[in-house]
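Colleague: I'm new to this one. Can you walk me through it while I look at it?

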Amino acid sequence: MLRRLIDTRMGLFLAVLFVVTVAVPVGNLVMAGQPVPSYVVALLGKYMTYALLAVALDLVWGYCGILSLGHGAFFALGGYAMGMHLMREIGTRGVYGDPVLPDFMVFLNWEELPWFWLGFDSFWFAMAMVMLVPGALAFVFGWFAFRSRVTGVYLSIITQAMTYALMLAFFRNEMGFGGNNGLTDFKDILGYDLQADQTRAGLFVAAAIALAAGLLVARYITTSKLGKVLVAVRDAESRTRFLGYRVEGFKLFVFVVSAMMAGIAGAIYTPLVGIINPGEFSPANSIEIVIWVALGGRGTLVGAAIGAIIVALSRTLLTSWFPELWLFVLGGMFILVTLVLPHGVLGAVEQGLRKFRRRRPLVEN
Amino acid sequence: MTSQLYLSGVSKSFDGFKAINNLSLVIDKGELRAVIGPNGAGKTTMMDIITGKTKPDGGEVFWNEKVDLTRLDEADTARLGVGRKFQKPTVIETLSVADNIELALKADRGVLANLLARKTPAQSAEIDRLLELVRLTDERARPAADLSHGQKQWLEIGMLLAQDPELLLVDEPAAGMTDAETMRTADLLRDIAGERSVIVVEHDMHFVQALNCKVTVLHQGHVLAEGSLAHVSADPQVVEVYLGR
């Protein structure tokens, strides 16, 4: 089983991930002079959540051919579910000191907590919602879309519309999610101060573990017989139907799993950056995820994670050096990869390494 | 003798064009039947209706004299025992040749069953046997995309057999094959028939002759003539619309 899940590329990636996960907190908390500054810990943690989001998209796009341009929505919903819990944790420490209502509700003169905020005072309830809410949305959306055999560019467009509609909805104060400002001013998580270095390091480690777990779950799925069915759906959907596979069921399964994974990524992202707002639903965010996956190497899982980290790192560096150039660089990267590296950065590196060996299938079996 | 497939008065039009017009056809269990006809005669639409891909506007389509095929979709009919080979060879290009066969093997088609599925020794043996039969043993680990056109045709036939269907719908199997391969395909289809029912749509008259079976001539969506190849070849109407051109 372990050998099935961990091939060379997965093994290498997990080994590097493990070293970083140990080294960063040690450098931040233990070593004298703090060689790893605290903001770097939060930044790297954020990259990990992006990497997990990229793996989630690669699972549906790379293996099953579902080009979702709305995966940011599942990420944001997970983030909001966590944010709601963190808001409830603030308690009387808010500006208005209301023991139950978050500040923005007091500001809007709301009398009581809306029903959909009930239960979020419990961490475990919130954790369940982190997966269930994106999962349920993916299920309902997928149920209708896949049954009606909406595929290709039409499906991409309606996923885009889905995230856009959610963004507009979450911008409204009446929705009860803090409108424009979103949810912020969090104080602590499970009793630990969110401003403390230890908590930040803990969240960083949580992000790394979630990434590793996400990779292994995705790998388990893609190396199973179901994974082969997914590839069959991607490459020859009609053939797969004539073999007796009910294609919509397979698509629905992988879409829901992927949405849950994206939700978990969002839930770790929120406490790391300290805010979740409707901007996370913006269509441009979802499109960027596609760029991560394409850049890293579609259909490789590990490549998607690497792509997310490369883009996020470049953004951090470039927006501080040449802020006005960033979008051109992002667009340029995408064009370059599409034209020159059809299998992404990972594909190009591996192809270079095995130049003298016999050609192998792109998807390993 | 019970019928495998029974079509009666089936019609289907697309935007006013009658692709199938009052078509009636009976295939006996174990029968090998060749269907010929000029382009646009409705051969592909007929297969689409049998497999549940297209719903007819009217008429009856029955399987084993009891199951109404017009209520089913492609996955249903496949599970029932209809195997279809497309005109253009359709295999899963990025998967290996052996994996293509594995996916086609008769097994539980459910989502969870596939997530947890393990290849049994019996399945491995069956994959080996089928690869041997379609002469692709040496190519088993290569991606199907690497195969030649003729090899892809064979792989698809192998996948069809792996499904263990009761009825095979085979659309122009000889296209792109060499003469020797064509004859071997005809032999194989004759071998299959008897145990299973086979409908072959074909343009190549040498191939139809080699099949040595009852022939149905389709024209403008209905049956023009039926009988042995010699019989239909002698039919003046057939000569006029099809063979004479």
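Colleague: What is the strand order in the open sheet of chain B?

Modeller: The order is β6-β7-β8-β3-β9-β10 in chain B, six strands with mixed pairing. Keep in mind that this is a predicted model.

Colleague: Which strands are at the edges?

Modeller: β6 (82-85) and β10 of chain B, each of which pairs on one side only. From one strand to the next, the twist averages 20°.

Colleague: Start from the β6 side. How do β6(B) and β7(B) pair, parallel or antiparallel?

Modeller: Parallel, over four bridges. Within that pairing, Arg84(B) is opposite Leu169(B) of β7(B). On to the next neighbour: β7(B) and β8(B) also run parallel, joined by five bridges. There, Val170(B) has Val200(B) in β8(B) as its bridge partner.

Colleague: Why is β7(B) described as largely enclosed?

Modeller: Because four of its five residues are buried. The cut-off for buried is 20 or more other C-beta atoms within 10 Å of the residue's own.

Colleague: And β9(B), mostly covered or mostly open?

Modeller: Mostly covered. Strand β9 (residues 214-219) of chain B has five of its six residues buried.

Colleague: What does β9(B) pair with?

Modeller: On one hand, strand β3 (residues 32-36) of chain B, in parallel, through four bridges. On the other, strand β10 (residues 222-227) of chain B, antiparallel, over five bridges.

Colleague: How many residues sit between β9(B) and β10(B) in the hairpin?

Modeller: Two. Gln220(B), in that turn, has a positive phi of about 50°. His219(B) is placed opposite His222(B) of β10(B).

Colleague: Which other residues have a positive phi without being glycine?

Modeller: Asn22(B) is one of them, with phi near 55°. Arg135(B) is another, also with phi near 55°. For context, most residues other than glycine have a negative phi.

Colleague: Where are those two?

Modeller: Asn22(B) belongs to strand β2 (residues 17-28) of chain B. Arg135(B) is in a loop, the one between α5 and α6 (149-162) of chain B.

Colleague: Why do they count as partly exposed?

Modeller: Asn22(B) is partly exposed because it has 14 C-beta neighbours inside 10 Å. Arg135(B) gets that label because it has 13. A residue would need 12 or fewer to be exposed, and 20 or more to be buried.

Colleague: Back to the sheet. Which strands does helix α1 of chain B lie across?

Modeller: Helix α1 (residues 43-50) of chain B lies across β3, β6, β7 (167-171), β8 (197-201) and β9 of chain B. It runs at about 150° to β7(B). Helix α7 (residues 179-192) of chain B packs on the sheet too, touching β3, β7 and β8 of chain B. The direction of α7(B) makes about 150° with that of β8(B).

Colleague: What about helix against helix? At what angle do α3(B) and α5(B) cross?

Modeller: Roughly 115°, with the axes of α3(B) and helix α5 (residues 121-133) of chain B coming within 10 Å. The crossing is right-handed.

Colleague: Which residues meet there?

Modeller: From α3(B), Ala98(B), Ile101(B) and Glu102(B); from α5(B), Ile127(B), Leu130(B) and Leu131(B). By class, that contact has five nonpolar residues, no polar ones and one charged.

Colleague: Switching topic: what is the mean pLDDT of chain B?

Modeller: Chain B averages 91, and 98% of the residues score at least 70. As a rule, where pLDDT is low, the predicted coordinates should not be read in detail.

Colleague: And what does the predictor give for the complex?

Modeller: An ipTM of 0.89 and a pTM of 0.92.

Colleague: Last one. How many residues from chain A and chain B are in the contact?

Modeller: Chain A gives 24 residues and chain B gives 22. On the chain A side, the elements giving two or more residues are α9 (225-235), α10 (237-242) and α11 (247-273) of chain A. The largest share is seven residues, from α9(A). That side of chain A divides into 14 nonpolar, four polar and six charged residues.

Key:
Residues are numbered from 1 along each chain as its sequence is written. Chains are lettered from A and ligands numbered from 1 in the order in which they are written. This is a predicted model: local features need pLDDT of at least 70, side-chain atom pairs count only at pLDDT 80 or more; totals for chains, interfaces and linings use all residues. Two residues are in contact if their C-beta atoms, placed from the backbone, lie within 7 Å. Ala, Val, Leu, Ile, Met, Phe, Trp, Tyr, Cys and Pro count as nonpolar, Asp, Glu, Lys and Arg as charged, and the others, Gly among them, as polar. pLDDT is the predictor's confidence in each residue, from 0 to 100. Axes are lines fitted to C-alpha atoms, for helices over the stretch in contact, and angles run from 0 to 180 degrees between N-to-C directions. A crossing is left-handed if the near helix is turned anticlockwise from the far one by less than a right angle, and right-handed if clockwise. Two strands pair if DSSP finds at least two bridges between them.
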